[in-house]
Every structure is written in C-alpha cells, then in structure tokens.
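Please keep the model in view while reading.

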Amino acid sequence: CVLKASQKRRPLSRLLEQLLRNLEKRDPHQFFAWPVNDNFAPGYSTIIKRPMDFSTMKQKIDDNEYKSLNCFISDFKLMCNNAMKYNKPGTVYHKAARRLLHAGLKQLTPQKLRPLGDILT
Ligand SMILES: COc1ccc(OC)c(-c2cc(C(C)=O)n3cccnc23)c1
C-alpha cells in the first residue's frame, strides 16, 4: 500500500527508533523507561536539572526534535549520567546505569553505525 505523506518517517527518525529499541533491550527492569518520580526518588527533581528517560526520547523522535544522531546520543548519555549522579555507587540503579551506558555506547560506535551509510551525514 502507498504510505500517505503523514505516515512517511524521515530516514533519521526511522534509524533513531531502531537504535532506541536496541538500547531499551539493555534496560530489562525498565528503570529508564519512564521519568523518575520524586515520590520514589526523594529530592530527584532538585538534584537532577535535566531529567531524561526512554519515553521522552521516543517522544522527541516522534516530534522530530533530534536533528542529528549526536543529539540523540547526548540524551542517552544524560539519562545514564543522571542516574549515576543521583544514585550512590553500589546501588542497583547506579550499576544499571553504568552497564546501560557501556552497552549502549558499544552499539553506537562508528564501526557499528557505518553500515547505515550516508543517512548519518
Ligand atoms: C523499582 O522500580 C522502578 C520503576 C521505575 C523507575 O523509574 C522509572 C525506578 C527508578 C529509576 C531510577 C533511576 C533511573 O534513577 N530510580 C531511582 C530511585 C528510585 N527508583 C528509581 C524504579
């Protein structure tokens, strides 16, 4: 069937959605799936000035807010670094963030992304 213009996804959006799905697989407990709630994380919104989570990244893709892959990667790093700032080392969340950051950046290396071709230039 022919896609209507409104259904056509921009090439960058399609790529970012694929990368996001792969990153989400590294968060099996879904600690990063939604915004962190101050009720479960006392003082979170005073300590973390720029919260980020996978659902917000998905919305930014849908709203075409990411103009480049680097902006997407910056939000991913921000999300993980927020967790390593708020949660003490040794906590389940700090460890999950460090593992997620490490695994995620391995998926986002130029070697892994080069096969996607000129979509990134
Ligand atoms: C225990 O189940 C959940 C479920 C969802 C969460 O965040 C979306 C979190 C969560 C995620 C985080 C993070 C990422 O810092 N966190 C910090 C303190 C207390 N809870 C959380 C935990």
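## The surroundings of tyrosine 66

Tyrosine 66 touches Leu12, Leu16, Met57, Lys60, Ile61, Cys71, Phe72 and Asp75, where residues up to four places away in sequence are not counted and contact means heavy atoms within 4.5 Å. The model is a predicted one, in which local features need pLDDT of at least 70 and side-chain atom pairs count only at pLDDT 80 or more, while totals for chains, interfaces and linings use all residues. Residues are numbered from 1 along each chain as its sequence is written, and side-chain values use heavy atoms, with hydrogens and water left out.

Tyrosine 66 is found in the loop between H3 and H4; helices here are DSSP runs (H or I, at least four residues), as are strands (E, at least two), and they are numbered from the N terminus. With a relative accessibility of 5%, tyrosine 66 counts as buried, on a scale where buried means under 20% relative accessible area, exposed over 50% and partly exposed in between (1.4 Å probe, protein chains only). The C-alpha atom of tyrosine 66 is separated by 8.1 Å from that of serine 13, although the two residues are 53 apart along the chain. The side chain of tyrosine 66 is also joined to that of aspartate 75 by a polar contact of 2.6 Å; such a contact is a pair of N or O atoms within 3.5 Å, and within protein one must be able to donate a hydrogen and the other to accept it, with residues adjacent in sequence counting only if both atoms are side-chain atoms.

## The nonpolar core

The largest nonpolar core has 27 residues, of which Phe54, Phe72 and Phe76 touch the most other members; a core of this kind is a set of buried Ala, Val, Leu, Ile, Met, Phe, Trp, Tyr and Cys residues joined through side-chain atoms within 4.5 Å. Two or more residues of this core come from each of helix H1 (11-24), helix H3 (54-62), helix H4 (69-86) and helix H5 (92-107), and H4 gives the largest share, nine residues.

Leaving aside residues up to four places away in sequence, phenylalanine 76 touches Leu23, Phe54, Met57, Leu100, Leu101, Gly104, Leu105 and Leu108. Phenylalanine 72 is buried, with a relative accessible area of 0%.

## Salt bridges

Three salt bridges are found in a search of the whole structure, each being a side-chain nitrogen of Lys or Arg within 4 Å of a carboxyl oxygen of Asp or Glu. In one of them lysine 58 pairs with glutamate 17, the closest N and O atoms being 3.5 Å apart, and this pair links distant parts of the chain, with lysine 58 in helix H3 and glutamate 17 in helix H1, 41 residues apart. Lysine 58 counts as partly exposed at 33% relative accessibility, whereas glutamate 17 is buried at 14%.

Lysine 58 also meets aspartate 62 in a salt bridge (3.0 Å, N to O); these two residues are four apart in helix H3 and are therefore separated by about one helical turn. Aspartate 62, at 32% relative accessibility, is partly exposed. Another salt bridge joins the side chains of aspartate 75 and lysine 60 (2.7 Å, N to O); aspartate 75 lies in helix H4 and lysine 60 in helix H3, so this pair ties together parts that are 15 residues apart in sequence. Both aspartate 75 and lysine 60 are buried. Through shared partners, salt bridges join Glu17, Lys58 and Asp62 into one network.

## Aromatic pairs

The whole structure holds three aromatic pairs, in which rings of Phe, Tyr and Trp (its six-membered ring) have centres within 6.5 Å, with planes under 30 degrees apart counting as stacked, over 60 as edge-to-face and the rest as tilted. One of them brings together phenylalanine 31 and tyrosine 93, whose ring centres are 4.8 Å apart and whose planes stand at 75°, so the pair is edge-to-face. Phenylalanine 31 is in the loop between H1 and helix H2 (44-47) and tyrosine 93 is in helix H5, 62 residues apart, and the pair thus links distant parts of the chain. Phenylalanine 31 is partly exposed, with a relative accessible area of 28%, and tyrosine 93 is partly exposed at 38%.

Tyrosine 66 and phenylalanine 72 also form an edge-to-face pair, 5.6 Å centre to centre with 80° between the planes.

## Cysteines

The structure holds zero disulfides, a disulfide being a pair of cysteine sulfur atoms within 2.5 Å. The sulfur of cysteine 71 lies 17 Å from the closest cysteine sulfur, that of cysteine 80, which is too far for a bond. Cysteine 71 is partly exposed, with a relative accessible area of 36%, whereas cysteine 80 is buried, with a relative accessible area of 0%.
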